[in-house]
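Here's a quick tour of the structure below. Have the viewer open as you read, and hop between topics as you like.

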Amino acid sequence: MIAIFDYGAGNLRSVQNTLGELGCEYTLVRDAAGLNAASKIILPGVGHFGQMMRALDELQVRETLLARIGAGVPFLGICLGMQALFERSDEAPEVRGLGLYPGTVQRFPEDARVPHMGWNELEVRPTSRLVRNLSARPYVYFAHSYYVAENPRAAATCTYELKYTAALEADNVYGVQFHPEKSGAVGLRIVSNFLEV
């Protein structure tokens, strides 16, 4: 069972539409029991880092999410869903992320025009499972003011003022800063790749 976690905000309908277009069965879940029944988990996210993390804590799913990831369940975090994997974010320094990876999600430099919104190209790591079977520099759709610094888990990078992690891949954990559900055929391919892992 593929579970889309619904924490009460975001782009659920467009993610549902993408899975539907791929002919994939899924369910929306809002609790630990739903996560425990899932064979794959998608955490979409739009809005504010602090608001999302507080919602996850109110739903009491933080530890379950980490346990399921630790058990090897494939996980895909979209936008804020990827940022949540880190310890903190400059957007809400007082709020803890999931802390699966060290580091702080940073705001683009003060002189940068934010949000970074619209189409931009990826520089893809050729060994990636998530962003495979794409052109060398595919375009995808972004909408964000905060970014994950380039790091060894980066499956793809993007440059906007600076180079940063646009897609992340580590064992069963995947994340994308862009919105595959708004990225046309390229986004469909990326989601399909996740469904196949």
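Which residue just after α3 takes a positive phi? That's Gln60, with a phi of about 55°. Before going further, note that this is a predicted model: local features need pLDDT of at least 70, side-chain atom pairs count only at pLDDT 80 or more, and totals for chains, interfaces and linings use all residues. Residues are numbered from 1 along each chain as its sequence is written, and side-chain values use heavy atoms, with hydrogens and water left out. Helices (H or I, at least four residues) and strands (E, at least two) are DSSP runs, numbered from the N terminus.

- Most residues other than glycine have a negative phi, and most peptide bonds are trans.
- Gln60 has its positive phi although it is not a glycine, and it sits in the loop between α3 and α4.
- Gln60 is exposed, at 67% relative accessible area (buried means under 20%, exposed over 50%, partly exposed in between, with a 1.4 Å probe and protein chains only).
- Asp171, also not a glycine, has a positive phi near 55°; look for Asp171 in the loop between β12 (162–170) and β13 (173–176).
- Asp171 is exposed too, with a relative accessible area of 65%.
- The peptide bond from Val114 to Pro115 is cis, with omega near 0°, and Pro115 lies in the loop between β6 (101–107) and β7 (116–121).

**Helix α1 against helix α6**

- The axes of α1 (residues 12–21) and α6 (residues 184–196) come within 10 Å and cross at roughly 75° (axes are lines fitted to C-alpha atoms, for helices over the stretch in contact, and angles run from 0 to 180 degrees between N-to-C directions).
- That makes α1 roughly perpendicular to α6 (65 to 115 degrees; under 35 is roughly parallel, over 145 roughly antiparallel and the rest oblique).
- Thr18, Leu19 and Glu21 of α1 meet Leu188, Val191 and Leu195 of α6, where contact means heavy atoms within 4.5 Å.
- Gln16, which lies in α1, counts as buried at 11% relative accessibility.
- Beyond its neighbours within four places in sequence, Gln16 is in contact with Ile4, Tyr26 and Leu28.

- On a 1 Å grid over the protein atoms alone, a cavity is a set of points where a 1.4 Å probe fits but cannot get out, and a pocket is an open set with protein on both sides within 12 Å along at least five of seven lines; lining residues have an atom within 4 Å of a point.
- Grid points are joined across faces, edges and corners, and a volume is the space filled by probe spheres set on the points.
- The count comes to 1 cavity of 30 Å³ or more, and the largest cavity holds about 40 Å³.
- Its lining residues include Val15, Thr18, Leu19 and Val191, and α1 gives the most to the lining, with 3 residues.
- The largest pocket has about 200 Å³ of space; of its 14 lining residues, Gly47, Cys79, Ala143, His144 and Ser145 are the closest to its centre.

**Buried spots**

- Phe49, Gly50, Met52, Met53, Ala55 and Leu56 are buried in helix α3 (residues 49–58).
- The cover over the buried residues of α3 includes β1 (2–5), α4 (62–70), α5 and β5 (86–89).
- Ala155, in strand β11 (residues 154–160), is buried with a relative accessible area of 0%.
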